Amino acid sequence: MDIGFIGLGNMGQPMARRLIEAGHKLIVYDTRNDAVAPLVALGAQLASSPADVADRVETVMASLPSLQISEKVAIGEGGVIQGKRIQRFVDLSTTGATVSAKIAAVLAKKNIVQIDCPVSGGVGGASNGTLAVMVSGPKAEIDLVKDVLAVFGKVFVIGEKPGMAQTMKLANNFLSATAMAATSEAVAMGVKAGLDPAVMIDVINAGSGRTTASDGKFPQAILPRTFNYGFATALMLKDVRLCVQEARSLNVPNSVMSIVLDQWETTNKEFGGESDFTAIVKMVETRAGVIVGKKS
Ligand code: NAD
């Protein structure tokens with residue numbers, strides 16, 4: 001299939017590469033030259049704007065870092081909405097249900113179908129094709145792209161209403177964000193009491209406290225002190241904020257969500273939005289007066 005791909009960052013880069021390796025023809029666009037260069041080297045064609053991408057293909061995918069940028073790329077000046085060939089816009093970004101529904105409504109006026117397709121599983125999952133791929137939109141349109149999306153991982157069709165897959169993704173990321181915040185406090189407590197954090201993580205992973213924080217982020221990016229898991233603090237903060245907003249708008253209790261949000265707001269303030277989200281443990285370390293690292 002001919003596919004447009006906009007936003008070739010931590011997630012977009014490996015996902016676009018997998019599409020090329022699966023035999024699809026890609027037209028790519030990113031505001032950064034260094035992001036498009038590796039894909040062009042693999043045979044992708046370079047476009048000059050989102051509208052240019054949408055002039056050349058019927059199916060355009062995007063993996064973008066903020067709601068404002070998703071809106072601009074989809075329905076703003078020079079956005080895919082101005083393209084001549086585009087029929088469907090598959091948004092792989094996490095935007096929340098409200099923005100997604102807004103974009104879907106504006107695109108619909110030009111007979112362009114929005115397919116929500118947020119993903120979970122991190123950069124590793126994007127590289128290996130093991131993401132959880134959550135899709136919502138009109139069934140007939142999903143059927144047209146389902147096999148292509150399977151290149152990214154396991155496809156879950158969530159529903160037809162715009163934004164349903166986004167709600168699913170927010171629920172998932174709230175749990176992931178909570179596991180990071182809670183595991184940081186639990187391990188810092190152990191370290192301050194004299195426990196070895198590596199032993200703690202082994203025990204937690206063999207016990208009932210196991211989460212994606214303990215079996216992925218801690219061993220890979222926190223205990224070795226590399227803080228390079230590949231997901232920015234600003235993006236996690238965006239997701240938890242969206243989750244709290246969505247729970248509030250649905251009148252669902254959100255006291256745990258609000259406390260977790262507070263932890264990410266503080267991490268963002270102290271370490272910056274560009275920091276890797278594993279920096280949350282440093283926020284806890286500062287207050288506890290300990291370092292959570294492998295004992296040498
Ligand atoms: P990123 O910041 O690494 O990549 C975003 C890319 O978009 C960058 O290459 C940037 O140059 C490009 N970009 C910015 N403005 C643009 C514009 N106007 N036009 C075209 N390109 C533009 O972000 P990421 O980590 O790859 O995340 C992308 C999306 O996927 C986000 O919505 C995020 O929440 C979601 N996500 C990320 C992860 C992860 O582990 N990193 C996992 C699941 C979902």
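Trainee: Which residues are the closest to the ligand, among how many that surround it?
Mentor: The model is predicted, so local features need pLDDT of at least 70 and side-chain atom pairs pLDDT 80 or more, while totals for chains, interfaces and linings use all residues. Residues are numbered from 1 along each chain as its sequence is written, and side-chain values use heavy atoms, without hydrogens and water. A residue counts as near when one of its heavy atoms lies within 4 Å of the molecule. The ligand is surrounded by 25 residues, the closest being Asn 10, Met 11, Asp 30, Arg 32 and Leu 64.

Trainee: How far is the polar side-chain atom of Lys 238 from an oxygen atom of the ligand?
Mentor: For Arg 32, a polar side-chain atom lies 2.8 Å from a ligand oxygen atom. Thr 94 instead places a backbone N or O atom 2.9 Å from a ligand oxygen atom. For the polar side-chain atom of Lys 238, the distance is 2.9 Å.

Trainee: What share of the ligand's exposed area does the protein bury?
Mentor: Accessible areas follow the Shrake-Rupley method with a 1.4 Å probe; for residues, only the protein chains shown count as cover. The ligand alone exposes 830 Å², and the buried share is 89%.

Note on methods
Polar contact = N/O pair within 3.5 Å; in protein donor to acceptor, adjacent residues only side chain to side chain.
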